[in-house]
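Hi,

Here is the structure I said I would pass on. Have a look at it first, and my notes on what turned up follow below.

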Amino acid sequence: MTNKTKGDYGENTALGYLAAKGYQILATNYTAAGGEIDIIAVDGEYIVFIEVKYRRSMAFGHVSEAVTPTKTRRLIKAAKAYLYKQDMWEAPCRFDIIEVFGREMLEINHIENAFWEN
């Protein structure tokens, strides 16, 4: 599997998981301000910006550890661009990480409010 194929696999798994939980998907692979947001969704009153990380195993630590401070800053900038473009400044929002790991039997760990802007 190429990195792109692995990323798509993880994102498609996350999309199915989110749909089953009742999230409304607004956008996927949204790019702006030098960053990309894997999934933008609505959960109740929240606009949720979701970073998806897929790994075959946990041998090198938690998947979410791959979301570095630099990646976090880029996600926040892209989210601000999305909110501005959609005229949704007043909407409450949060940043989640979805970890997908495994091979045949996938496990999903959904981390709500994984980080926020300081």
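Helices here are DSSP runs of H or I with at least four residues, numbered from the N terminus. Keep in mind that this is a predicted model.

With that in hand, start at the end of helix H2. What follows it is Asp 87, which has a positive phi, near 55°. That is a positive value in a residue other than glycine. Asp 87 sits in the loop between H2 and S4, and it counts as exposed because its relative accessibility is 66%, with the cut-off for exposed being over 50%.

Ala 33 also has a positive phi without being a glycine, with a value near 50°. You'll find Ala 33 in the loop between S1 and S2. Its relative accessibility is 43%, so Ala 33 goes down as partly exposed.

Back to H2 itself. The helix covers residues 69–85, which makes 17 residues, and spans 24 Å from its first C-alpha to its last, close to the 24 Å expected. Its buried residues are Thr 72, Leu 75, Ile 76, Ala 78, Ala 79, Tyr 82 and Leu 83. And what covers them? The cover includes strands S1 (24–32), S2 (35–43), S3 (46–55), S4 (93–101) and S5 (107–115).

Now the packing. The largest nonpolar core has 18 residues, and the ones with the most contacts inside it are Tyr 30, Ile 37, Ile 40, Phe 49, Phe 95 and Phe 115. S1, S2, S3, H2 and S4 each give two or more residues to this core, and H2 supplies the largest share, with 6 residues. Apart from this core lies another one, of 11 residues, including Ile 39, Val 48, Ile 50 and Val 52.

Setting aside neighbours within four places in sequence, Phe 115 is in contact with Val 67, Thr 72, Leu 75, Ile 76, Phe 95 and Ile 97.

One more for your list is His 110, in strand S5. Is His 110 buried or exposed? At 15% relative accessibility, His 110 counts as buried, because the cut-off for that is under 20%. The His 110 side chain makes a polar contact with the side chain of Asp 96 (2.7 Å) and another with the side chain of Tyr 17 (3.3 Å). Beyond its neighbours within four places in sequence, the residues in contact with His 110 are Tyr 17, Leu 18, Tyr 23, Asp 96, Ile 97 and Ile 98.

Cheers

Terms used. Residues numbered from 1 in each chain as written. Predicted model: local features only at pLDDT ≥ 70, side-chain atom pairs only at ≥ 80, totals over all residues. Heavy atoms only, no water. Expected span 1.5 Å × (residues − 1). Buried < 20%, exposed > 50% of the residue type's maximum accessible area, 1.4 Å probe, protein only. Contact = heavy atoms within 4.5 Å. Core = buried A, V, L, I, M, F, W, Y, C linked by side-chain atoms within 4.5 Å. Polar contact = N/O pair within 3.5 Å; in protein donor to acceptor, adjacent residues only side chain to side chain.
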